[in-house]
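Please examine the sequence and the structure shown here before reading on.

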Amino acid sequence: MLFRRPRPRLTPVTRGDAVRRILELASVKVGSGERALVVFFDLRCPFCAKLFRETEEVLLEMAQRGLIIYAMCDYVVHREAEHLHRALRCISEGERLGFIREVFSGKRVETGSCPEGNLRECEKVAEEVGVYGTPTLLFYHLGKDRGYVHFGYMSPSEVMETLSSL
């Protein structure tokens, strides 16, 4: 008997105002365009790490070519990740992807002493569009003011398929 993997479960979103605020609050934002992909992540989430390792290269390339906006927004689920997320917010924007890459590859990173800061800003707005955990992917077409939210891991091909369907 063959088992078919179910299609990704996509929940429609039409909250353009909230999506724009999320993009402003994102700890990482690369690229421009009308199509946006926001990944809500926790630096101690194993499925976030898997998603990042498998999709970062192609999404970053698309963002650098101006095809999409690729953003990552803190959504701290694991308490032991809070110091990592604070450290992420303390370093320059240009170094943040490298920091995430190192954490997700299992390397020890220097966190230094960072101010407390409010890590929950992005979470509060994210919950307005139906985000409730990590990883969550928000696919949104800014020009059409519509998109989808998917909770959980997606394969690279599913991510690309959903982006192209916007």
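Arg86 is buried, with a relative accessible area of 17% (buried means under 20% relative accessible area, exposed over 50%, and partly exposed in between, with a 1.4 Å probe and protein chains only). Glu82 is likewise classed as buried, at 18%. The two residues form a salt bridge in which the closest N and O atoms are 4.0 Å apart; the term denotes a side-chain nitrogen of Lys or Arg within 4 Å of a carboxyl oxygen of Asp or Glu. Both residues belong to helix H3 (residues 82-90) and are four residues apart, about one turn of the helix. Helices (H or I, at least four residues) and strands (E, at least two) are DSSP runs, numbered from the N terminus.

## Basis of the description

The model is predicted: local features need pLDDT of at least 70 and side-chain atom pairs count only at pLDDT 80 or more, whereas totals for chains, interfaces and linings use all residues. Residues are numbered from 1 along each chain as its sequence is written, and side-chain values use heavy atoms, with hydrogens and water left out.

## Further salt bridges

Side chains of opposite charge can pair when their charged atoms come close. In this model the count comes to 11 salt bridges. One of them joins Glu128 to Arg15, with 3.0 Å between the closest N and O atoms. Glu128 lies in helix H5 (residues 121-128) and Arg15 in the loop between strand E1 (11-13) and helix H1 (16-25), so this pair ties together parts that are 113 residues apart in sequence. Glu128 is partly exposed at 35% relative accessibility, and Arg15 is partly exposed at 32%. Salt bridges link Arg15, Asp17, Arg21 and Glu128 in a network.

Within helix H2, Glu54 and Lys50 are four residues apart, and their side chains form a salt bridge at 3.3 Å, N to O. Glu54 is partly exposed at 34%, as is Lys50 at 31%.

## The contact of helices H2 and H6

Helix H2 (residues 46-64) and helix H6 (residues 156-165) have axes that come within 9 Å and cross at roughly 35°. Axes are lines fitted to C-alpha atoms, for helices over the stretch in contact, and angles run from 0 to 180 degrees between N-to-C directions. Glu54 also takes part in this contact, among other H2 residues including Leu51 and Val58, while H6 contributes Pro156, Val159, Met160 and Leu163; contact means heavy atoms within 4.5 Å.
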